[in-house]
Amino acid sequence: MHRLTVSIVLLMSIGVSAVEESCDRHSGIQTECQVPFSTCGYTLRPLSSKFGAEVTGVDLTTVNQSCADALKQEALMYRFLLFRDQDLTWQEQIKFTNLLGAVFSETSSLRRPFHPKTPDPRIAYLSNDPLEGIPGQGVEAWHVDGNSVPAPHQFTLIYCVSATRNGPTLIVPLKEIVDMFTPEERAFLDSIRYVSGNNESITMPLIYKHPVRNYDTIVVALGLLSGQYILRQDDHDTILSKEETQRIKDLIEAKIIGSNLIYSHQYKSKDLLLLNNPSVAHIAGPGSQNPVEVAGLRLMHRSTVRGDRPPSKTSSIKYACAQFEPFASGYCLFSLKDSVFYPRYGFFDTRDAARQRCKSIDEGADLATIPNKKWNNLAKTIIERTGVPHWLNGTNPQEEDVFWGEVKSEFTNWHREQPNDHDGPEVCLIMGPFGTWLDLACEPKTQPGADPGPVITWEDGVRRKFNVYPLCGVLHKQS
């Protein structure tokens, strides 16, 4: 089993474990079980401590829908993926793009005229040689793709047919940029609506909820890509001056430059970058448009997956709220099952990282506290619906004792033969089938012979290997 390291906001995982081959192979249990994870056989290598991963061991010309779904989930978690040594025709690039979602017509972009060498409207040829592709693309300013349509693109795929000696693509993560704003800056920016510089009828919240991950992100389209922003206060809109808009764009760019998070990818021929647009901004770096005579030919094939949800400040997460004691003033539970993705068995967040994921969705949230049967029943309805185990905010330091922080719980709801400290100490707490509790190590197990995650017989009678997802709780949730 490869060693696993988890940062607060990003899984830093390497490889697909051979432990996926069978269930309970070291526990002595012979019950047949399912391993509901992709078996594409690819391996990931993190490219930085915050975001990005290189994928090896996969040929994009042969992937099926199941493998593409897993890679899509990896892209959502890592925010961008790099594939090297891919021999792709433009037809094969479109085929792979289509596996990720509905392909956007590149020639419909207001800033991207049709090039005579482009064989299909779903792909764009971009080059420093105007005879080979459209020049000057992506160099205007930091941006997310699809900034002139109602819903920015979900994914951008950039395939390098021919690389120059310079001319990287620079990429920056957007959640961290939003987190850098001071409370005063954030309060102001929350009232701003982005306006497209190419189509002033396209407006959207500048800061909004990621359509899948549900954390805060931002529409980055600097320079001439932006029109004059709108200030919305008390349902009244005021068009800002060019100077006022420029100050906002300068603030965003200053955060990007000062973030120390910019990743620079220097292309080799046959590289493919897969960007999750709501998660990252990018720009074609210095040298990308140097003359062919100086730098050699730079030729990129670009395809995109259209967005299906206009930016909104409203999260898609469903809260289940009640006023049971001891939270008589109100407490809400919510699952992050549909906001975090663990495509491989045994690679999931530690309990501490899961706590941070809750806070990234709602500042006052943490893993859920379940102090009595009424709250357990409410949590059970969520767990049943998702069909996967979830972290709770409790600990099990000894025997059947459970603590919520420093407070010993008078209520417990252990699953049969639990707690059991299987494969070593298990002092953290998860909720499984029937709303029952199981003890678990506070992070995926890495010792030889141990199952990294729980192996559980679910309510349908099928025994499966599982990853563990955050079940969050927050007081006084304001809709």
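**The interface between two domains**

Guide: Between domain 1 and domain 2 about 560 Å² is buried, and carbon and sulfur atoms give 65% of that area. Buried area is the accessible area (1.4 Å probe) that two parts lose on being put together, summed over both. On the side of domain 1, Gln-73, Glu-74 and Met-77 lose the most area to domain 2, together 73% of what that side buries. The model is predicted: local features need pLDDT of at least 70, side-chain atom pairs count only at pLDDT 80 or more, and totals for chains, interfaces and linings use all residues. Residues are numbered from 1 along each chain as its sequence is written, and side-chain values use heavy atoms, with hydrogens and water left out.

Visitor: What makes up domain 1 and domain 2 in the chain?

Guide: Domain 1 is assigned 43-174 + 258-305, and domain 2 is assigned 327-475. These bounds come from an automatic or database domain assignment. The domain centres, taken over C-alpha atoms, are separated by 38 Å.

Visitor: How many residues of domain 1 and of domain 2 are in contact?

Guide: Contact means heavy atoms within 4.5 Å. By that rule, 7 residues of domain 1 touch 6 residues of domain 2.

Visitor: Why is the pair Arg-344 and Glu-74 called a salt bridge?

Guide: The term requires a side-chain nitrogen of Lys or Arg within 4 Å of a carboxyl oxygen of Asp or Glu. The closest N and O atoms of Arg-344 and Glu-74 are 2.6 Å apart, so the pair meets the rule. The count between the two domains is 1 salt bridge. Helix α1 (residues 65-78) gives the largest share, 6 residues, of the side of domain 1 that touches domain 2. Helices (H or I, at least four residues) and strands (E, at least two) are DSSP runs, numbered from the N terminus.

Visitor: Why does Arg-84 with Glu-54 also count as a salt bridge?

Guide: Their N to O distance is 3.9 Å, and the limit is 4 Å, so the pair counts. Arg-84 is in the loop between β6 (80-83) and α2 (90-100), while Glu-54 is in strand β5 (residues 53-56), 30 residues apart. The structure holds 26 salt bridges.

Visitor: What is the omega of the peptide bond from Glu-325 to Pro-326, and is that bond cis or trans?

Guide: Omega is near 5°, and the bond is cis. Pro-326 lies in the loop between β20 (320-322) and β21 (331-335). The bond from Gln-418 to Pro-419 is cis too, with omega near -5°. Most residues other than glycine have a negative phi, and most peptide bonds are trans.
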